[in-house]
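Dear colleague,

I am handing over the structure we spoke about, with the sequence alongside. Please open both before reading on, as the notes below go through the places that I looked at.

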Amino acid sequence: MRLRTVMTHMDADGLISLALFMKHIGGARVRAYFTSPVQLRDTICRSVIGKKTLGELYIFDMAGEHRALFAAAMYDWVVWIDHHRWEPEMKLPHIEMVIDPDAMSAAAVVSKYFGVDSPLVSIANEIDTNSVKSEDAEKLRMTIGAIRWRYSGRELNSRLYSLSREIMNGDLSVLENYSELVSEYEKWVETIKQKVSKEIKVFNVGKIKVAIFETLESIPVYLVSNELENHKDAPFDLIIIMIHRLARNTPITKLEFRTHTNLNVLKIARFYGGGGHIMASGATVNDIVTIPELLRSIEILYS
Ligand SMILES: [Mn+2]
C-alpha cells in the first residue's frame, strides 16, 4: 500500500484540491492535514514524528519558504502544487514543484497535473477569486465557513477531510446534511456584517482609499470585502483586516489585504513578510501592528 500524506490549505480551494487528488487515486486513504502557509513547516514536522516510513507528500495551495522545503524533503517523494506568486528558494531532486500563479485556483492546477476533470474546479475558481456566482459554490463556501466556525483542532481537521471525501466525485447533494449548522452560521454572519459596517475605519493615504477592520476573532475575509462594496465610500483601493490574538502570551497580528480596484496588494503583504496573490494577500506578524504604522507603510509603499 502506498503511503500518501496530503497537506492542504484550510480553505475551499485546498479542500477541493484534496478532493480531486482523492478522486485521482480512486478514493484510497490518505493522511490529510489542513493547514496554512505560516503553519506548514510545523505541520510537516509534526506529521513525521514516530513514523518509520514516510512515503509520498503532496502539498496543495500553499507557498513555502526554505525551511518548509527542507522539512518536506524528509519525505521520500514530494509533489508541491500551488498558484500563489512565489519562487522556491532551492531545487531538490525528489521535490517536484508545480507552481502556476496565473491559475485561478490551486484546484485548477491539481486537476491539470493529475488529469482529473471535475465540476469542482470551476467552483474552486469562483470561491478563490471571490466571484461566487453559482449556487453550488455559495453552498460549499458557507458549509466550509460553518465547519471552521464551529470546530477547531483535530475535530476540525477530520470534519474537513470528511467533507472533502463526500464531494470528491463532484456531487454536492451531501451539503444538505449540513443545513442546520449552516443556518446557525448564517445568523453569526449577519452579526459580523453589521459589526463591519459599524466599526470600519476609512482613511485616505495620498490617492489610496483605505478601509481597516480590526477584530479579535477569526472571520472569513471575503465577508468584510464584500460587505464593504455597499459602503458609501466604496470602492476601496486597499481593504485591511487585522486580527489580533495571543499565542503563548505573545501578541500576533494577522493581516489580510484585499482590493476593490486592482491595487497590487501583494506588495504590502511582502512588506510584512507574507505573500499570496496580486489582488488577495496576507501576512502574519509576531507583534502588535497598529493603524498609524499601517498607514505609514501604505504611504511609503504606494506613493
Ligand atoms: Mn487558492
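Ser134 counts as partly exposed, because its relative accessibility of 24% falls between the cut-offs of 20% for buried and 50% for exposed. Ser134 sits in the loop between α5 and α6, and its C-alpha atom is separated by 7.8 Å from that of Ile123, the two residues being 11 residues apart along the chain. Please keep in mind, here and below, that this is a predicted model.

The metal site

Which residues supply the protein donors of the manganese ion? They are Asp13 and Asp128, each through OD, together with Asp61, also through OD, and His83 through NE2, and these donors lie 2.1 to 2.4 Å from the ion. Along the chain the donors follow the spacing D-x47-D-x21-H-x44-D. Distant parts of the chain are linked in this way, since Asp13 belongs to helix α1 (residues 12-24) and Asp128 to helix α5 (residues 120-128), 115 residues apart. As for accessibility, Asp13 is buried, with a relative accessible area of 1%, whereas Asp128, with a relative accessible area of 22%, is partly exposed. The reason for the two labels is the 20% cut-off, under which a residue counts as buried; Asp13 at 1% is therefore called buried, and Asp128 at 22% is therefore called partly exposed.

Strand β4 (residues 77-82) is mostly covered, with five of its six residues buried. Strand β3 (residues 56-60) runs parallel to β4 and is joined to it by five bridges, and within this pairing Leu57 stands opposite Val78 in β4.

The six-stranded sheet

An open sheet of six strands, with mixed pairing, has the order β6-β7-β8-β9-β11-β10. Its edge strands are β6 (201-205) and β10 (275-276), each of which pairs on one side only. Within the sheet, strand β7 (residues 208-215) and β8 run parallel and are joined by six bridges, and Ile212 stands opposite Ile240 in β8.

Backbone points to check

Most residues other than glycine have a negative phi, and most peptide bonds are trans. Ala234 and Pro235 are joined by a cis peptide bond, with omega about 0°, and Pro235 lies in the loop between α9 (221-227) and β8 (238-247). Arg248 has a phi near 50°, a positive value in a residue other than glycine, and Asn249 likewise has a positive phi, near 65°. Arg248 lies in the loop between β8 and β9 (250-258), and Asn249 is found in that loop between β8 and β9 as well. Are these two residues buried or exposed? Arg248 is exposed, with a relative accessible area of 79%, and Asn249 is exposed too, with a relative accessible area of 72%; both labels apply because exposed means over 50%.

Helix α9

Asn226 lies in helix α9 and, at 24% relative accessibility, counts as partly exposed. Its C-alpha atom is separated by 9.4 Å from that of Lys193, and Asn226 and Lys193 are 33 residues apart along the chain.

The second largest pocket

Finally, about 160 Å³ of space lies in the second largest pocket. The lining consists of Glu138, Lys139, Met142, Thr143, Leu175, Glu176, Tyr178, Ser179, Val182, Ser183 and Glu186. Helices α6 (135-150) and α8 (179-199) each supply at least two residues of this lining. What is the division of the lining residues into nonpolar, polar and charged? Four are nonpolar, three are polar and four are charged.

With best regards

Note on methods:
Residues are numbered from 1 along each chain as its sequence is written. This is a predicted model: local features need pLDDT of at least 70, side-chain atom pairs count only at pLDDT 80 or more; totals for chains, interfaces and linings use all residues. Side-chain values use heavy atoms; hydrogens and water are left out. On a 1 Å grid over the protein atoms alone, a cavity is a set of points where a 1.4 Å probe fits but cannot get out, and a pocket is an open set with protein on both sides within 12 Å along at least five of seven lines; lining residues have an atom within 4 Å of a point. Grid points are joined across faces, edges and corners, and a volume is the space filled by probe spheres set on the points. Helices (H or I, at least four residues) and strands (E, at least two) are DSSP runs, numbered from the N terminus. Ala, Val, Leu, Ile, Met, Phe, Trp, Tyr, Cys and Pro count as nonpolar, Asp, Glu, Lys and Arg as charged, and the others, Gly among them, as polar. Buried means under 20% relative accessible area, exposed over 50%, partly exposed in between (1.4 Å probe, protein chains only). Two strands pair if DSSP finds at least two bridges between them. Donors are N, O and S atoms within 2.8 Å of the metal (3.2 Å for Na, K and Ca); water is not among the atoms, so sites may look incomplete.
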